[in-house]
Amino acid sequence: MTMSTNTRLSRRAFVLSSAAAGTGLALGFHFPAAAQSASGDTPEANAWVVVQTDETCIVRVARAEMGQGTHTGLAQLVAEELDCDWSRVKVQMVSPGQNLARKRVWRDMSTGGSRGIRSSQDYMRQGGAAARTVLLQAAANQWGVAVSEVTVSKGVITHTGSGRKLSYGKVASAAAKLTPPDPKTLVLRDPRQWKIAGKPLKRVDTALKVMGKQNYAIDTRLPGMVYAAIQASPVFGGKLVSFDAAKLRGRKGIQGIYKVDDNAVAVVADNWWRAKMALLDLPIVWNEGANGQESSATIDARLKEGLTSTSNVFADTDIGNAPQAIDGAAKRVEAVYSTPFVSHACMEPMNCTALVTDYRAEVWVASQNAEASMAALSTASGLSLDKCEVYNHTLGGGFGRRGGTQDFVRQATLLAKQMKGVPVKMVWSREEDMAQDYFRPIGLCKLEAGLDEKGNLLGLQLRVSGQSINAYQSPQNIKDGKDVRQLQGYAAEPGDAQIGYTVPHLRTEYAMRNTHVPVGAWRGVNTNQNGLYLECFMEEVAAAAGRDPLEFRRALMQKHPKHLAVLNAAADKAGWGKPLPAGVHRGIAQFMGYGSYTAAVAEVSVKGDEVKVHRLVLSTNCGHAVNPDQIAAQVEGSVAYAFDTLQSQSTVANGRMVNTNFDSYPIARLRQLPRIETVIAPTFDFWGGVGEPTICVVAPAILNAIFAATGKPMRNLPLKNHGLRIV
Amino acid sequence: MLKLNINGKSHEVDVEPEMPLLWVLRDQLGMTGTKFGCGIAQCGSCTVHLNGEPVRSCSYPVSAAVGQRVVTIEGLSKDGTHPVQMAWKALDVPQCGYCQSGQILAATTLLRKKPKPTDADIDEAMTNICRCGTYQRIRAAIHLAAKTGKGVGSVIHMVSDAGEIIEPTTAQA
Amino acid sequence: MLARIQLSSPVQRGQPMEVRLLVQHPMETGFRFDVLGTAIPKNVVHSLHATYGGRTVFRVRLGTGVAANPYFQFWVMPEQSGDLLLQWQDDQGQKGEVSARVDVIQA
Amino acid sequence: MSEGARLWSRRQGLGGLLVCALGAAGRVQAQAPAITLDWSALYRPFTGAVKPTAARVSLITPRLADNGFSVAMSVRIDSPMTAADHVQRVVLLSNRNPRPVIADFDLGPWSGKAEIATRVRLNGSQEVMALAQTSDGRWWQGTAEVEVTESACMDAS
């Protein structure tokens, strides 16, 4: 069992109420009605666990559920330590208001960077173990026996001597009165012996989703609620100058037109469609500013300059003398890869319902960080945090769009502030959603390699020229002008995203070249482009060396056993080297991100302009596999998300995004998807992420297979630039 | 006033005839199981049945639904026990779940027309977008509901840290 | 450089007077980059001081940690009517000032 | 003075405008390294060898801030502000900003009240400290914790 160093759990996490009365507890803290149990009795074993007299075990979670299965996984981890009956487990989300009122007892609410489980597993498992401890003690007290004589299984406590039994629900109230154990004394279960965690249990949230009964933020309905459609300046950085409200006079259902911030206008109506149609007909004058001149061509020229420029470039890794080694090599390989902006395109468009009065502000929203929503609400409403509350919902997709960037909360709040006392549901059209995204940054990468006569790799040098997320979002985080975040996955030192190869001469450079387009975290972030650049190039180098691409990689990975093991696992399960049907070719890739190791083998055929992906074998070592079935779900989903890299792009013309709906921005469809196999190879000695790290190996494995099929490297994405399409 | 028959119940709405059925369902009638995704009939999140045929309600004028039987996800079954819903649950198909109302309604029509669909049939019928990428499980769940005995669900190879397979390959459906 | 000043009113002799000052200035941190990846030079208002009736009543040395459009709220105890003068300077040597006449009511 | 008050109401809009103009409308903070600085190293340049006493100083900030670009902060020091007993200096410190000294104020008996408010930049979630020196030369301090929520999408590269 591995515990991170951050296992210290604040005592206040275990503060128990001593105001117990009758069968339940009078809690010092009040949960809103929505979060209360039907029976009304909620003896809180601790902040994480509530055992009810009817044996229901409520596990409280602070992280968001956006489909990635974190609620199920976290509940499994708590239930494992609690040793309760899994069929009685229910998950309850806590709100940021509750978290603040209890001095952030549930800690971080942010859900991104594939951290939902790995950065909260330690204190949540302790929460489960602490609850078990007091429940067992309560039973021992009732029987007048030593706690060492008491065991538990599936929520039933047994006195080993007498065989007497008590259920958790029967001792919950007594347990809640006991002094919580010192977290240091808690011994967590060995993950290799897990009974509830580590198993492919069913998700806790499926039933509602197949009945259309899952309530998403966009489904919010409040008494007296009005609907808003909104448009911000289509050119980033542009300002609203004016709009001609008279043009909408007399239209059915229209209740008002409002300026929102200095760059947007909203139409409010009694029905969203009416609001949206009116907005389409509203004459709006924008001040586009200089950004109106920007286009994909101007951006491309800037990035190209960065590939060869000597200014504003830095080297991060610089081992040996790569330029000299490559210059002197028997054989040289050089390539430039390019990847475009891509869009998050969550299925549930950005939306937020806000209700603001002089003394209170509330939003109903889908957020990857409800506390970020809360802070945005407080700022935009001008009301202090204690007067604000956020009702977070299951997200209809997040992918990094609904994390730190709470622009939708800000807009809805600023709008609702102009209609005090009226709940306003603001929903973005798909076009607005894809025009006002925080896109995955655009980038180019020039790579050079030198081989000796025997085909051994002597030197490797690469330079990424592209937009920096930090420069856009948080420039103060760029240390000494060197934004190493854009080199994610290329770090020579061990860490969350270490390069898997040992090359005698290795140099990685970044030339920051920015654009006016907002950029942000797009599921997998910079591993997506960087994995593609390096892994496609490695295939080219292996081909130049006349080596099998797997063997070529293995030779360079001997000092990276975890990377290598995952690569081998994928190759093994894919049957690397075994015969394939005529016309079918393989490609391979491996990379590391979010603390996890991933690899992929693709089987692809190419006929004319048609690419068919037949099979993908994807392996991962995420350290601990909390729910293998949900890991597989994330791996399968990563394939579809990675298809954006192959076939989609957000182009810029006249300063604005052109591809603003699914007719011009293709999203992977069922018929395009290959048969996917997931290989899970946990080593139990670290905690890695699951939601993101697989995406970055999907596209290079497929592109490498196309290379194998056609003899042409696929350097310029999307694939239509090579006259190809995925069928 | 337009008269609609939705999930076997009659409703009257006072709306423009060109208002898409989706917004009548969601905003006028409060039936939010049908989702808004794109507004241009591309993604299928808004799929409902019209006399058993799937239509994309975001682009379907409400006036054209008058006199026809509209079935939404809320009307597919009372308690989620429709065979397609059962198969969806058995394979834990949904991730975020937002598109699944539409996916399930598209699948039920496919199975009505082709009780034993092939993979090619599924490819052709299932054009709805799922951004979470649940497609492999959607395919498997359709096979499961149809009891075709075909199809591949999640194939999971668990490998121990010693490199051996510790659990056999599991193919669902 | 534009600025706004607001004083509490009425101002009574022997009662502290609230001063709110907002200076329009980007407070360029030096950490930002332009499209070509060139660092934008640091330029912040580095000092600001207030006099009342010719006497210094408030002074602040500030840096990149103060938000764009620096805002300060502070107090001054006026003994008699006079002029409140606020002056500041940024790294590029640009100066700004704003003043307000204060009429003190005898309590 | 009425002129000042009227203009004052535009304060919010003005601030918003400038933030956008900075191109800093984004709100995700990525890869914020959790490097926190040692307080003693931060206050010693002001207090010398003296450790400030944790008393008399109230530092008020919102517990959550949606980004670190503009966080409201106010300081109040318990002092009669007389010629004989007053606060003469107030220093705001960050334990995570690239430049930890946020602002350094001079006050005096003419201030009437030992209260200051401003808006600061904070480089990620951290503790902030207000140091105050009274006219007897003694140093006092108060701290506050701020969670900068923009760090929702951290990815360590």
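1. A nonpolar core is a set of buried Ala, Val, Leu, Ile, Met, Phe, Trp, Tyr and Cys residues joined through C-beta atoms within 7 Å. Buried means that 20 or more other C-beta atoms lie within 10 Å of the residue's own, with C-beta atoms placed from the backbone; 12 or fewer makes a residue exposed, and anything in between partly exposed. The largest such core here has 354 residues, and those with the most contacts inside it are Leu135(A), Ala228(A), Ala266(A), Ala570(A) and Ala600(A). Helix α17 (residues 695–710) of chain A is its main contributor, giving 11 residues.

2. The model is predicted: local features need pLDDT of at least 70 and side-chain atom pairs count only at pLDDT 80 or more, while totals for chains, interfaces and linings use all residues. Residues are numbered from 1 along each chain as its sequence is written, and chains are lettered from A and ligands numbered from 1 in the order in which they are written.

3. Chain A has 17 helices and 29 strands, taken as DSSP runs (H or I, at least four residues, for helices; E, at least two, for strands) and numbered from the N terminus. Its radius of gyration is 28 Å, close to the 27 Å of the globule rule for 727 residues, so chain A is as compact as a globular protein of that length. The radius is taken over C-alpha atoms, and the rule is 2.2 Å times the number of residues to the power 0.38. Of the 727 residues, 64% are buried.

4. Chain A is divided into domain 1 (11–210), domain 2 (219–289 + 350–427) and domain 3 (312–342 + 439–726), with bounds from an automatic or database domain assignment.

5. Leaving aside neighbours within four places in sequence, Ala266(A) is in contact with Ala228(A), Ala229(A), Ile230(A), Tyr258(A), Val260(A), Leu415(A) and Met426(A).

6. The contact between the chains takes 63 residues from chain A and 54 residues from chain B. On the chain A side, α16(A) gives the largest share, 9 residues.

7. Strand β28(A) runs parallel to strand β6 (residues 155–159) of chain B, joined by 4 bridges; strands pair if DSSP finds at least two bridges between them. Ile680(A) stands opposite Met158(B) in β6(B).

Notes
Two residues are in contact if their C-beta atoms, placed from the backbone, lie within 7 Å.
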